Amino acid sequence: MKALIKYESGVGNVDLREVAEPFCGDEQIKIEVSYCGICGTDLHVYHDTFKNYPPVILGHEFAGIVVETGKNVKNITCGEQVTVLPASAVVCGECIYCRTGQFMFCSRRRGMGHGVNGALARYAVVRHDQVYKIPEGFSLAEAALCEPLACAVQATTELTNVRLGDMALISGPGPIGLMCLKILAAEGIKTIVAGLSDDLLRLEAAKKMGASVVVNVSEQDLLCVINEETSGRGIDVAFECSGTAASVRSCLDALKRLGSYTQVGISGRDITLNFDAILYKQLKVVGSVAYSVTTWDRLLKILNQRAIKLDDLITHTLPLERWKEAFDLCERKQALKVLISPGENNQPQMNTDEHGFRH
């Protein structure tokens with residue numbers, strides 16, 4: 001089968017290559033991948049700014065159809081549509097973090113797509129405990145977004161105390177930022193979304209997805225807008241979703257005294273900050289890295305309740321052979337969410353209008 005592989009360390013060094021189909025062990029499930037999303041982490045792996053272990057197949061946001069189960073697997077059968085929790089592909093299972101469902105902090109952890117083989121290939125094999133059945137009526141394309149949605153669920157509903165009546169700021173309108181917006185909008189939280197001039201497609205999407213105000217910080221003064229919207233008080237809660245130094249500083253400046261700051265974006269580099277801003281405002285600062293087991297339980301409840309929709313995030317679907325185009329769309333911010341369809345029966349590219357939205 002063909003697979004998109006980071007074949008050695010260094011910038012780039014990614015190519016489409018022929019590899020053997022993965023073997024399904026006794027405790028494993030083999031999935032024919034229907035859709036795999038392109039994530040910012042994939043771009044970091046491409047640029048070698050995120051730890052990876054080549055040679056490794058990229059891709060970790062995916063959904064597909066079960067085609068084989070190991071002899072010890074129960075409650076999952078061939079033909080079922082599933083999505084996968086990919087970050088716990090390798091864990092020790094014994095440390096305090098594993099035993100409490102906080103596997104992200106296991107010292108032996110490796111995730112799919114950078115630590116072990118991922119899903120930018122026709123087939124992927126995973127442990128049975130990584131597999132989640134897709135709720136009835138939920139499409140496979142939407143299900144491929146469950147992994148990034150889990151990141152947004154943890155950040156907004158588990159690690160941040162945000163309440164009706166608060167005003168929130170999302171800085172960075174990428175897919176994770178827009179998913180955070182969807183959750184906050186569903187909870188009735190008034191939310192400002194900020195981005196740059198090259199985020200215009202995404203800022204336009206934020207308007208349609210429930211943002212109360214969108215700010216192009218390349219042309220507008222974010223603090224002035226926030227002062228107008230809050231009568232000079234400042235933002236209650238800020239979610240930093242871009243990972244850039246300027247965005248981090250803007251969020252800290254925008255927060256009111258006793259406000260809350262949640263770091264969601266990955267910077268991939270050192271950032272110089274005035275930590276006295278945290279001290280003198282007495283801010284609550286938390287980092288949100290991926291998700292936990294309980295996050296996925298909450299995620300499934302959200303999906304079953306149809307609390308939010310995800311299909312409007314998907315602007316492009318491309319075959320595996322066009323992976324470079326997919327990466328380029330994401331790099332140039334000319335898409336919201338780009339999906340790869342790796343199977344032999346590749347899905348056609350979705351029709352989009354001049355703004356990149358499906359119709």
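**Entry 1: strands E10 and E11.** I looked up Ala194 and found that it stands opposite Val215 in E11. Strand E10 (residues 190–195) is joined to E11 by four bridges, and the two run parallel. I take strands (E, at least two residues) and helices (H or I, at least four residues) as DSSP runs, numbered from the N terminus. Two strands pair if DSSP finds at least two bridges between them.

**Entry 2: basis.** I note that this is a predicted model, in which local features need pLDDT of at least 70 and side-chain atom pairs count only at pLDDT 80 or more, while totals for chains, interfaces and linings use all residues. Residues are numbered from 1 along each chain as its sequence is written, and side-chain values use heavy atoms, with hydrogens and water left out.

**Entry 3: the sheet.** I traced an open sheet of six strands in the order E11-E10-E9-E12-E13-E14, with parallel pairing. Its edge strands, E11 (213–216) and E14 (284–287), each pair on one side only. On average, neighbouring strands of this sheet are turned by 20 degrees against each other, direction ignored. Axes are lines fitted to C-alpha atoms, for helices over the stretch in contact, and angles run from 0 to 180 degrees between N-to-C directions.

**Entry 4: helix H5.** I found H5 (residues 175–186) lying across strand E9 (167–171), E10 and strand E12 (235–240), and running at about 165 degrees to E9. Contact means heavy atoms within 4.5 Å.

**Entry 5: H4 against H5.** I recorded an angle of about 55 degrees between H4 and H5, with their axes 9 Å apart. That makes H4 oblique to H5; angles under 35 degrees count as roughly parallel, over 145 as roughly antiparallel, 65 to 115 as roughly perpendicular and the rest as oblique. The contact includes Pro148 and Leu149 of H4 and Ile176 and Met179 of H5. By class, this contact has 10 nonpolar, two polar and no charged residues. Ala, Val, Leu, Ile, Met, Phe, Trp, Tyr, Cys and Pro count as nonpolar, Asp, Glu, Lys and Arg as charged, and the others, Gly among them, as polar.

**Entry 6: H4 against H10.** I found helix H4 (residues 146–158) and helix H10 (residues 293–304) packed at an angle of about 100 degrees, with their axes 9 Å apart. H4 and H10 are therefore roughly perpendicular to each other. Among the residues in contact are Cys146 and Glu147 of H4 and Trp296 and Arg298 of H10. The contact of H4 with H10 has eight nonpolar, four polar and three charged residues.

**Entry 7: whole chain.** I noted 11 helices and 16 strands in the chain. Along its principal axes the C-alpha trace spans about 60 × 50 × 45 Å.
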